[in-house]
Amino acid sequence: MRLGTMATVAMVVVLASLGLVDALDRFGAWPVLPALFPLVPLAIAAAVAIAMRSLDFNDILRGGNIQSSSMGWALGGAALSTVVLVASPVATALGGGRGVVLIAAFVVGLALASLVVAPAMRSARTTTLAEAIGLRFGAPTRTIAAVAVVLTLLPLLAAETALAGTVAARMLGLSPRLAEDIILGLAAIACIAGGLRAAIALAAVLGPVVALSYLVPVAAVSLGETWLPMPWIGLVEPDTLTTATRIPDVVILAFSVSLVAGVAVMPTLLFPAWTTARRPPARRHVLWGVAFAAIILLAAPSYAVYGRLAGIDAASDPLGLVVSFPDRVGLSAMPAVLLIGGLISAALITIAMALATAATTLGHDLYGGFIERRAPAGRRIFITRLGMILLGLAILGLNRLSIGSVAMLAGLSLSIAAASLAPVLLLGWRLPATSPAATFAAIAVGLWLTVANVLLARFAPEFSSAYLGMGTVTPTVLGPTGWFGLPVGLSGLIGLCCGLATLLAVSLLPRVQWPLLWLRVRYTARRLKRKLAAARPRRAPAPVVVPPAAPVAEAAAEPVAAETAPETEPKPEPGTEVAAPAAAVPMFGPFPEFVGPTEPGAPHPIRRLPGV
């Protein structure tokens, strides 16, 4: 069955379920029955995973041959994660116009990922992102790039799983831990059955469901002000640009850089636009995927404005700004259960994409590219599926340890991606002078700075504050503060700057001709010195003091004194030749002068001339 047909069937099932929920709510049925609606998207996801089951290497590790139109829906669905859908209204509610700037930064990063980075990677004809980097810059760079991809996706998996468990627990009445285990287990089963192809199919099928669930609540509220449902009415409200919390400019700058650079190289967003089909996805379909995500996210200001009017405090209850929105504004049960189902679907898409991408990197790059380079395809598929199970267990362990908040984990994922992969994919890939050593050093420096900052600020705050100049390590919503006073969730700005400097320095400095450069510097310094000397104002000459005229008696005595004065220079004796002055002495001695012969055949008489 084609993905377009599956998406249509899924939308019909969701609409029919919503009609049933509305009927049960009108007739006063048992409240537990409408609350079971979030199970419908989970059932759809299970059906898609079963339909996409495969044992083919191309399907498991490369995404398979998916239609071009479906790739646009998959790109939009992969971009609309639960963290993004919740964080966008919170950013607008707390930052006002700056929150809208952050949404725009996310869209710009998504456009770079799908229109700039993904086509460049697709031209390499490789299986994974790390393999494409290794094909261009060597095997050591491939290994460290694979480590960077896995470390980028681990915090994202932990954040999405924790948030999805909290959302599901509010609606289904389960404990958050149990809801996390169910959602993570379902995503792992889907990836084990169909690999990356099943994850992309989930994004394409459930993407329209996520869009519908996010737009319906604010569209229903807007009917009270306009005759046409307008979920984007918050963009024209004056309250949208007001700021509830003063956010420092440096935080906005760091967040914007992390969003643009981190989203542009996020592996889960690259693969939907990076297909191995016979023909790559059409550019118009990729553009439609970016526009689809932007249209959905532009409804976030409406959540912020109407949520503030309903009395929801985004600072104390950021999740409630979206999850509790239908109840606080007085909507029926249908928009409420639809919104919860859409958030769970978004989390399921992101978890499946991240799990499949990280496991593929483990099986194909770390095992097949570093441990056993001649491993057959079957063994790589086995290691990939085993990696999915191990990654799921690791995520459960991270959530049990409670390393940080959801915002910190999501920001950390963006920071690692921006610090390690962005210098190579955004600049080094298009710079002809980039060397393998420069690429390896740039990834290593950015990755080490970000990870070390997090570990030191999180687990050794006293040592970091006393000896490493991190200042006062204080907890924030984005984690404890690290170097330069930035939270660890925004430490990607530091790693990005250092990674770019390392890439340019290692690539360009060995090519510099240092002796010629030193001569050029000396020549420039001398020219500058002459110009400064010429521009310096000259002093006026001192006036000449003419002594008064001597008396006549003294003037008459001067010739007598001159005659009687002793001779200081001896006079030459008569008969001796006076030597010519030094300037008149010839340099090359006397030159002969040729005189023409008086008779034919006679020798040339030569007369010596004095030197010139």
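Guide: Patches here are made of residues with over 30% relative accessible area and no salt bridge, and like charges are joined within 9 Å. The model is a predicted one.

Visitor: Which residues gather in a patch of positive charge on the surface?
Guide: Lys and Arg count as positive. A patch member needs over 30% relative accessible area, and R530 has 54%. The residues that gather in this patch are R522, R526, R527, K529, R530 and K531.

Visitor: In which helix is the place of R530, and is R530 buried or exposed?
Guide: The place of R530 is in helix α24, which covers residues 514–535. Exposed means over 50% relative accessible area. R530 has a relative accessible area of 54%, so R530 is exposed.

Visitor: Which residues make the nonpolar surface patch of about 620 Å²?
Guide: Nonpolar side chains are joined into a patch within 5 Å. One of the members, L509, is found in the loop between α23 (492–508) and α24. The patch is made by L509, W514, L517, W518, L519 and V521.

Visitor: How does L509 count by relative accessibility?
Guide: Buried means under 20% and exposed over 50%, with partly exposed in between. L509 has 41% relative accessibility, so L509 counts as partly exposed.

Visitor: How many salt bridges does the structure hold?
Guide: A salt bridge needs a side-chain nitrogen of Lys or Arg within 4 Å of a carboxyl oxygen of Asp or Glu. Among the pairs are R142 with D365 and D181 with R400. The number of salt bridges in the structure is three.

Visitor: How many residues apart in sequence are the parts that R142 and D365 tie together?
Guide: R142 forms a salt bridge with D365, and the closest N and O atoms are 3.0 Å apart. R142 lies in helix α9 (residues 139–172) and D365 in helix α17, so the pair ties together parts whose separation in sequence is 223 residues.

Visitor: Are R142 and D365 buried or exposed?
Guide: The cut-off for buried is under 20% relative accessible area. R142 has 16% relative accessibility and therefore counts as buried. D365 has 1%, so D365 also counts as buried.

Visitor: Which distant parts of the chain does the pair of D181 and R400 link?
Guide: D181 forms a salt bridge with R400, the closest N and O atoms being 3.2 Å apart. The two residues are 219 residues apart, with D181 in helix α10 (residues 176–222) and R400 in helix α18 (residues 377–401).

Visitor: How far apart are the closest N and O atoms of R379 and E372?
Guide: R379 is partly exposed, with a relative accessible area of 38%. E372 counts as partly exposed at 23%. The two form a salt bridge, and the distance between the closest N and O atoms is 2.4 Å.

Visitor: With which side chain does the side chain of S81 make a polar contact?
Guide: S81 is found in the loop between α5 (68–79) and α6 (82–95). Its relative accessible area is 6%, so S81 is buried. At 3.2 Å, the side chain of S81 makes a polar contact with the side chain of E160.

Visitor: What separates the C-alpha atoms of A347 and L80?
Guide: The place of A347 is in helix α17, residues 333–371. A347 counts as buried because its relative accessibility is 0%. A347 and L80 are 267 residues apart along the chain, and their C-alpha atoms are separated by 8.7 Å.

Visitor: What separates the C-alpha atoms of S114 and L269?
Guide: The place of S114 is in helix α7. S114 is buried, with a relative accessible area of 2%. S114 and L269 are 155 residues apart along the chain, and the separation of their C-alpha atoms is 7.5 Å.

Visitor: What value is phi of R125 near?
Guide: The place of R125 is in the loop between α7 (97–122) and α8 (129–137). At 63% relative accessibility, R125 counts as exposed. Phi of R125 is positive in a residue other than glycine, and the value is near 55°.

Methods
Residues are numbered from 1 along each chain as its sequence is written. This is a predicted model: local features need pLDDT of at least 70, side-chain atom pairs count only at pLDDT 80 or more; totals for chains, interfaces and linings use all residues. Side-chain values use heavy atoms; hydrogens and water are left out. Accessible areas come from the Shrake-Rupley method with a 1.4 Å probe; for residues, only the protein chains shown count as cover. The place of a charge is taken as NZ of Lys, CZ of Arg, CG of Asp or CD of Glu. Helices (H or I, at least four residues) and strands (E, at least two) are DSSP runs, numbered from the N terminus. Buried means under 20% relative accessible area, exposed over 50%, partly exposed in between (1.4 Å probe, protein chains only). A polar contact is a pair of N or O atoms within 3.5 Å; within protein, one must be able to donate a hydrogen and the other to accept it, and residues adjacent in sequence count only if both atoms are side-chain atoms.
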